[in-house]
Amino acid sequence: MKTMLAIISNALCRMTGRNALLIGLSEYVTLTSPSPPASAQTQRQPPKPPPVSTRAAQLVSGQTTDQPVGPGARVVVSRSFADFTPQATFDIKKCDLHRLEEGPPLKAELTRDQGLQYYRTMQTVRRMELKADQLYKQKIIRGFCHLYDGQEACAAGIEASINPTDHLITAYRAHGYTYTRGVSIKEILAELTGRKGGVAKGKGGSMHMYAPHFYGGNGIVGAQVPLGAGIALACQYQGNNQLCVTLYGDGAANQGQLFESFNMAALWKLPCIFICENNKYGMGTSVERASASIDYYKRGDFIPGIRVDGMDVLCVREATKFAADHCRSGKGPIVMELQTYRYHGHSMSDPGVSYRTREEIQEVRTKSDPISMLKERMLSNNMASVEEFKEIDVDIRKQVEEAAQFATSDPEPPLEDLCNHIFYNNPPLEVRGTNPWSKLKSVS
């Protein structure tokens, strides 16, 4: 009898130790203890894992691992791809309309893959801008630097609804659009630090970054708007079914050149989407103090307009799709106002809290943050797991750190490159004053 009790006691101890180990893994697995089958003595090998590179993807890979670790115990992966909702429809905020009978839809469909892509894009822009903030405070980035954090839904939503062959031009708060237009984090940060590996070879800085079909940020307030209208004229002239997205801020909305551009674009029915990113403050002045009318979507007067929730990536996406269809159908330009918010000051020289309170900024972060809103939507509709978002965050942080390392170790451009790349190619004829090494002659 004593021998039998000792055998049972030893077996229970072994079972307890194994179960404790499994319970410690309860974040990823669930423990089930059915009756021991007759074939419990034969140990099955787990199926081959899918060809993925991340731990989070392995945990939701759709594979079930049945590997007995003892009599009556087996491990089952708690989540699989089949457990997630592949697609969901969300209610979005109604847009205010001007000179339009119908506007963008009130519902937006989102697939799981799209949601994860939008999350990655916005989180990458956020982390990249926070790293730029850190490098500026370390005096590694010098000069002008206007950060985009808080406004990520605008860039991600616009890019999700236009074609890569469409054109985009914006103001000096341009880092987010530089990334969505296809430039790497490494090239953006290296440009900010003035290094040879930057997207403009270290000679453009924060305001002047370019990519195919992307015409950079412009340092002169509102100057990009007539340029965008000109790009739209080229699209119309070439008949390529392309359009130009022309962005400006609320601070530029009172510029006379905007209204001249509006007038010409309306007369010629140019395929141009004029977008005002209304982040509530032009430098340190609130929109209420700067503009007699803060309905920027109506500023085109004779041009149709829409006012959009710029903190909701789905709302921005649907509104931009609507605007793009409007332009491509030959109806001419359209004006969009994206109501958004910037967390940093106007530039790095502006602390951003002398004309607004910290409580105001925190309230926007708590209630309307574009990244948190998308994440909560997906989690509440079972479209992704917390572990997946954590894995994406870790990966983005790693990429940004590697890019920052490159941006601080890459050499600066040599002095002999100072006057290079002024022209795309050699000028076809001699123009007085364009050759930096020629001596000017007075002609009487």
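Leu267 counts as exposed, at 61% relative accessibility, where exposed means over 50% relative accessible area, buried under 20% and partly exposed in between (1.4 Å probe, protein chains only). The model is a predicted one, with local features needing pLDDT of at least 70 and side-chain atom pairs counting only at pLDDT 80 or more, while totals for chains, interfaces and linings use all residues. Residues are numbered from 1 along each chain as its sequence is written, and side-chain values use heavy atoms, with hydrogens and water left out.

Leu267 sits in helix α8, which covers residues 256-267; helices (H or I, at least four residues) and strands (E, at least two) are DSSP runs, numbered from the N terminus. Together with Leu233, Met264 and Trp268, Leu267 makes up a nonpolar patch on the surface, with about 400 Å² of accessible area for the group. Such patches are built from residues with over 30% relative accessible area and no salt bridge, with nonpolar side chains (Val, Leu, Ile, Met, Phe, Trp, Tyr) joined within 5 Å and like charges within 9 Å. A salt bridge, for its part, is a side-chain nitrogen of Lys or Arg within 4 Å of a carboxyl oxygen of Asp or Glu. Areas come from the Shrake-Rupley method with a 1.4 Å probe, and for residues only the protein chains shown count as cover.

As for the chain overall, there are 13 helices and 13 strands. Of its 444 residues, 45% count as buried. The chain exposes about 23400 Å², and carbon and sulfur atoms supply 53% of that. Take the contacts (heavy atoms within 4.5 Å) between residues at least 6 apart in sequence: 72% of them join residues at least 24 apart.

On the inside, the largest nonpolar core has 67 residues, and Ile158, Tyr177, Val245, Ile273, Val308 and Met336 touch the most other members. A core here is a set of buried Ala, Val, Leu, Ile, Met, Phe, Trp, Tyr and Cys residues joined through side-chain atoms within 4.5 Å. Residues up to four places away in sequence aside, Tyr177 touches Tyr148, Cys154, Ala155, Ile158, Leu168, Thr170, Phe214, Leu247 and Glu277. Apart from this core lies another, of 20 residues, including Cys244, Phe274, Tyr296 and Ile303.

Glu191, in helix α6 (residues 185-192), is buried at a relative accessible area of 1%. Beyond four places in sequence, Glu191 is in contact with Gly198, Val199, Ala200, Lys201, Gly202, Lys203, Gly204, Gly205 and Met209. Ser206 is 15 residues from Glu191 in sequence, and the two are 7.1 Å apart in space, C-alpha to C-alpha. Glu318 belongs to helix α10 (residues 313-328) and is buried too, with a relative accessible area of 11%. The Glu318 side chain makes a polar contact with that of Arg317, at 2.8 Å; this term covers a pair of N or O atoms within 3.5 Å where, within protein, one must be able to donate a hydrogen and the other to accept it, and residues adjacent in sequence count only if both atoms are side-chain atoms. Leaving out neighbours within four places, Glu318 is in contact with Ile92, Pro104, Pro105 and Ala108.

Then there are the loops. Asn241, between α7 (224-238) and β8 (244-249), has a phi near 60°, a positive value in a residue other than glycine, and is exposed at 51% relative accessible area. Asn382 lies in the loop between α12 (370-380) and α13 (386-409). Its phi is positive, near 55°, and Asn382 counts as partly exposed at 30% relative accessibility.
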